[in-house]
Every structure is written in structure tokens, then in C-alpha cells.
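Come along while I look up a few things, one entry at a time.

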Amino acid sequence: GPVVAVLMPARNAAPWIAETVASILAQSYPRFELLLIDDGSTDETVMVARAAFANDPRVRLIALEQGGIVQALNTGLEAVSPSCRYVARMDADDVMAPERLGRQLAWLDAYPGTSVVASRVRILRDFAVGEGDGVDASGMERYVAWLNGLAGGDLGREMFVEAPVCHPAVMIRTDVLRTAGGYCLERWTEDHDLWLRLHLAGHRFETLPETLHTWRDHGRRLTRTDARCGTEALLAMKAHYLVRAFGTELRIWGSGRDGRHLARALEREGAEITAFIDVDSRKIGGVRRGQVPVVGLDRVETAGSGPIVVAVGIPSARAEIRQYLDA
């Protein structure tokens with residue numbers, strides 16, 4: 001039987017799905033099944049997909065009423081064949097390199113202590129004429145550059161910064177995904193939520209140094225259109241899991257806008273902020289959020305209690321603050 005199940009939800013992906021399916025069927029590793037879960041598409045997605053996989057016995061099409069990506073993923077997960085040790089995620093508008101499944105499977109076979117393996121990704125900008133004119137792609141490009149620079153121990157450390165692996169580019173152990181309860185419908189994104197739950201349960205992540213996945217960037221992507229991908233939702237999710245990981249007494253490095261926003265989100269999760277740490281002399285000695293003192297570096301050891309969460313939006317500051325705290 002198949003060893004890998006490719007879990008691919010699709011909704012109105014007719015322009016891309018033929019190329020996507022072709023890239024999956026062209027895998028050099030043959031022992032896989034493709035579970036294509038159609039989430040109530042209103043375009044030609046199903047017809048185009050059927051034509052693309054013809055009568056290939058490795059493909060199963062599951063048609064649902066529109067219920068969203070979480071329902072589609074969990075329905076697919078329930079349908080995975082018992083022989084599949086691994087689940088590979090795929091999006092209906094992306095392209096996988098021919099050796100992707102084989103490389104990821106070999107890694108998970110060789111390293112039983114790793115639960116999730118991703119690969120580096122490249123962006124394919126694919127905007128219809130006129131559609132991409134107002135789209136700012138720089139954030140996506142910065143994110144992918146950051147993603148492709150992470151490996152091994154970085155992944156756990158970066159878990160609260162952003163999602164440290166690209167969801168459609170991962171392969172995960174089937175039993176790990178099932179034990180975690182599959183995907184959850186929260187106010188925030190289902191993938192980052194899963195990574196945080198797995199991280200808190202002690203699972204290890206890895207990103208292979210090869211680029212095995214092409215991530216298509218277009219105007220209809222959920223990342224651009226869904227409120228669950230917005231800044232507020234991301235902050236609420238981070239606060240939810242920070243409290244579960246590190247307790248309810250926390251200190252925040254950064255008393256500016258980012259620090260105040262994070263403090264508010266953490267307080268909503270029942271946390272008490274015991275001190276703000278800052279390097280700005282104009283802020284040191286003041287208070288934030290009512291009575292919480294803002295202290296300088298000379299009082300990092302003595303002021304407040306609990307772990308330090310860093311909330312500073314300047315990219316170059318992250319490395320400097322880490323270096324300081326490591327020392």
C-alpha cells in the first residue's frame with residue numbers, strides 16, 4: 001500500500017490545479033496516494049483535476065460542501081490509508097519538485113526524532129493582468145527569505161516569531177498529526193496553530209536545504225484575503241501559546257507600540273506583565289499599562305518576575321537582544 005498520503009484541499013483552483021496534479025503524479029517516489037478534497041468549488045476545479053489525473057488509481061477525490069480549509073484537511077486526514085506513515089501537505093495552486101516526497105520520506109525514516117520536515121521554497125508570482133498592480137509582495141519575499149534561512153534548532157526558537165515552516169511544503173508523521181487532534185478551527189491560522197501545539201508537545205522540526213516546493217503567489221490567496229491571517233489574529237495566537245509555554249508572569253522587552261499590543265493580548269489570556277524592559281532613556285523610569293514599571297538594562301536581573309518576551313519590531317534588533325540575553 002501507499003506510504004505517503006498527499007493531503008490537498010482545493011477551492012476554485014481551476015487555473016492551476018492541472019499543473020499541480022501533474023507535479024504530484026510525476027514524483028520519483030511512487031508509493032503515495034493523493035487525497036484531493038474539493039471544498040465546494042464553484043468553478044471548473046473538479047473537472048480540470050479529473051482530466052489531469054485521468055484514471056490514476058493513486059488519486060482519490062473527495063467532494064464536500066464548502067466548509068473551509070480546516071474541515072477539508074480533517075476530512076482528508078480521516079480518509080488517509082492505514083499503510084500511510086506520513087502525510088505530505090500540498091496546496092492546489094503550488095508545484096512540487098519530482099524528488100520532494102522521496103527526499104522528505106528518506107529524512108523522516110532516517111531521523112525518528114523529527115516529526116515534521118519541510119523544504120526550502122521559491123515564490124512564483126502569478127498575477128492576472130492588472131490584478132497584481134496594487135499588491136505589495138515585499139512582505140512575502142522577506143518572509144520566504146527568512147524561512148529559507150532556518151534549519152534545525154532555529155525552528156523551535158523562531159516558533160513565536162512567525163510560522164517557521166511553509167505549510168504546503170511539509171511532510172509530517174501521520175500518528176503525530178492524529179495524536180495532536182488534527183487541525184483546529186480557531187480565530188487564527190490552522191497551520192501556525194498546529195506548529196505551536198506540536199512544539200509545546202516536544203516535537204522537532206527540520207527544513208531540508210533543497211528547494212523542493214514552488215509557492216504560487218496570487219491575489220486570491222487566503223493569506224491576502226482571510227482575517228485569520230491578520231496581525232490581530234497572529235498576536236492573539238502568540239499570546240495564547242506563550243502563556244501555555246511560559247506561565248502567567250511575564251516581562252516584555254520593548255515598551256513601544258509592539259510591546260503594548262503584546263501586553264494587551266497576554267493580559268486577555270490571563271497573564272500579568274511584571275515589567276517592561278527598554279533601552280530608550282525617555283521611557284525608562286515611567287510606567288505602562290497602569291502600574292507596570294519600565295526599566296533599563298541595569299535592572300534586567302532584578303525587576304519583575306517571569307521569562308522575558310521580546311516585542312521589538314526593528315528586524316536588526318532581534319539578533320542584538322538575543323546576544324545580550326544569551327550573555
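**Entry 1: the eight strands.** In what order do the strands of the open sheet of eight strands lie? I noted first that this is a predicted model. Then I read off the order as β3-β2-β1-β4-β7-β6-β8-β5, and I wrote down that the pairing is mixed. Next I looked at the edges, where I found β3 (59-64) and β5 (95-96). Each of these has a single partner strand, so one side of each is left without a neighbour in the sheet.

Entry 2: Strand β6 covers residues 114-125 and strand β7 covers residues 171-173. I found two bridges between them, in the antiparallel sense. Opposite V116 I found I172 in β7.

**Entry 3: the five strands.** I also looked up an open sheet of five strands, ordered β11-β12-β10-β9-β13. Its pairing is mixed. Here β11 and β13 are the edge strands, and each pairs on one side only.

**Entry 4: around β12.** Which strand runs parallel to β12? I found that β10 (residues 272-277) does, joined to β12 (residues 292-295) by two bridges. I marked I277 and V295 as bridge partners there. With β11 (residues 287-288), β12 runs antiparallel, again over two bridges. In that pairing V287 stands opposite P293, and R288 has V292 as its bridge partner. I then followed the chain through the turn: β11 and β12 make a hairpin with three residues between them.

**Entry 5: charge on the surface.** Which residues gather in a patch of positive charge? I listed R187, R260, R264 and R268. I traced R187 to the loop between α7 (174-179) and α8 (190-200). Is R187 buried or exposed? It counts as exposed, because its relative accessibility is 52% and the cut-off for exposed is over 50%.

**Entry 6: a nonpolar patch.** My last stop was a nonpolar surface patch of about 560 Å². I wrote down its members as V279, L297, V310, V312, I314, Y324 and L325.

Terms used: Residues are numbered from 1 along each chain as its sequence is written. This is a predicted model: local features need pLDDT of at least 70, side-chain atom pairs count only at pLDDT 80 or more; totals for chains, interfaces and linings use all residues. Side-chain values use heavy atoms; hydrogens and water are left out. Two strands pair if DSSP finds at least two bridges between them. Helices (H or I, at least four residues) and strands (E, at least two) are DSSP runs, numbered from the N terminus. Patches are made of residues with over 30% relative accessible area and no salt bridge: like charges are joined within 9 Å, nonpolar side chains (Val, Leu, Ile, Met, Phe, Trp, Tyr) within 5 Å. Accessible areas come from the Shrake-Rupley method with a 1.4 Å probe; for residues, only the protein chains shown count as cover. A salt bridge is a side-chain nitrogen of Lys or Arg within 4 Å of a carboxyl oxygen of Asp or Glu. Lys and Arg count as positive and Asp and Glu as negative; His and the chain ends are not counted. The place of a charge is taken as NZ of Lys, CZ of Arg, CG of Asp or CD of Glu. Buried means under 20% relative accessible area, exposed over 50%, partly exposed in between (1.4 Å probe, protein chains only).
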